[in-house]
Amino acid sequence: GLFGQPAQQQGQTQPTQLYQQVTALSAPTLLGDERDSILAKWNQLQAFWGTGKGYYANNNPSVDFTQENPFCRFKVNGDSWFFQLAHLILILK
């Protein structure tokens, strides 16, 4: 502890949402075998799309992936997306 005093035990704190998201994307420990790497890839896909729930540990709740999460790659609204796709198709023709 500080100045030679014994450290006080804090109550168990809940992980932050960012910590939960990072753990779900990089190293989930839900199943304890090679399926955890498949789960990490599934969580990554959901996070990149900005929708879904990520699972990372047995005794912890799932983490929600929304379009506001820092890992979301596709941040366009539906109308804009449609017109961008139509424009791309016209360019490719």
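This is a predicted model: local features need pLDDT of at least 70, side-chain atom pairs count only at pLDDT 80 or more; totals for chains, interfaces and linings use all residues.

Q: Okay. How many helices and strands does the chain have?

A: The chain has three helices and two strands. Helices (H or I, at least four residues) and strands (E, at least two) are DSSP runs, numbered from the N terminus.

Q: In which order do the elements run?

A: From the N terminus, the order is α-α-β-β-α.

Q: What share of the residues is buried?

A: Of the 93 residues in the chain, 22% are buried. Buried means under 20% relative accessible area, exposed means over 50%, and partly exposed is in between (1.4 Å probe, protein chains only).

Q: New topic. How many salt bridges are there?

A: The count is two. A salt bridge here is a side-chain nitrogen of Lys or Arg within 4 Å of a carboxyl oxygen of Asp or Glu.

Q: Why do such pairs form?

A: Side chains of opposite charge can pair when their charged atoms come close.

Q: Which residue pairs with Lys53?

A: Asp64 does, with the closest N and O atoms 2.8 Å apart. Lys53 lies in strand β1 (residues 52-54) and Asp64 in strand β2 (residues 63-65), so the pair ties together parts that are eleven residues apart in sequence.

Q: And how accessible are Lys53 and Asp64?

A: Lys53 is partly exposed because its relative accessibility is 40%. Asp64 has 38%, so Asp64 is partly exposed too.

Q: Which residue does Asp33 meet in a salt bridge?

A: Asp33 meets Arg35, at 2.9 Å from N to O. Asp33 counts as partly exposed at 29% relative accessibility, and Arg35 counts as partly exposed at 44%.

Q: Switching to the surface. Which residues form a nonpolar patch?

A: Trp42, Leu45, Trp49 and Phe74 do, with about 460 Å² of accessible area together. Patches are made of residues with over 30% relative accessible area and no salt bridge; like charges are joined within 9 Å, and nonpolar side chains (Val, Leu, Ile, Met, Phe, Trp, Tyr) within 5 Å. Areas come from the Shrake-Rupley method with a 1.4 Å probe; for residues, only the protein chains shown count as cover.

Q: Where is Trp42 found?

A: Trp42 is in helix α2, residues 35-49. Its relative accessibility is 48%, so Trp42 counts as partly exposed.

Methods: Residues are numbered from 1 along each chain as its sequence is written. Side-chain values use heavy atoms; hydrogens and water are left out.
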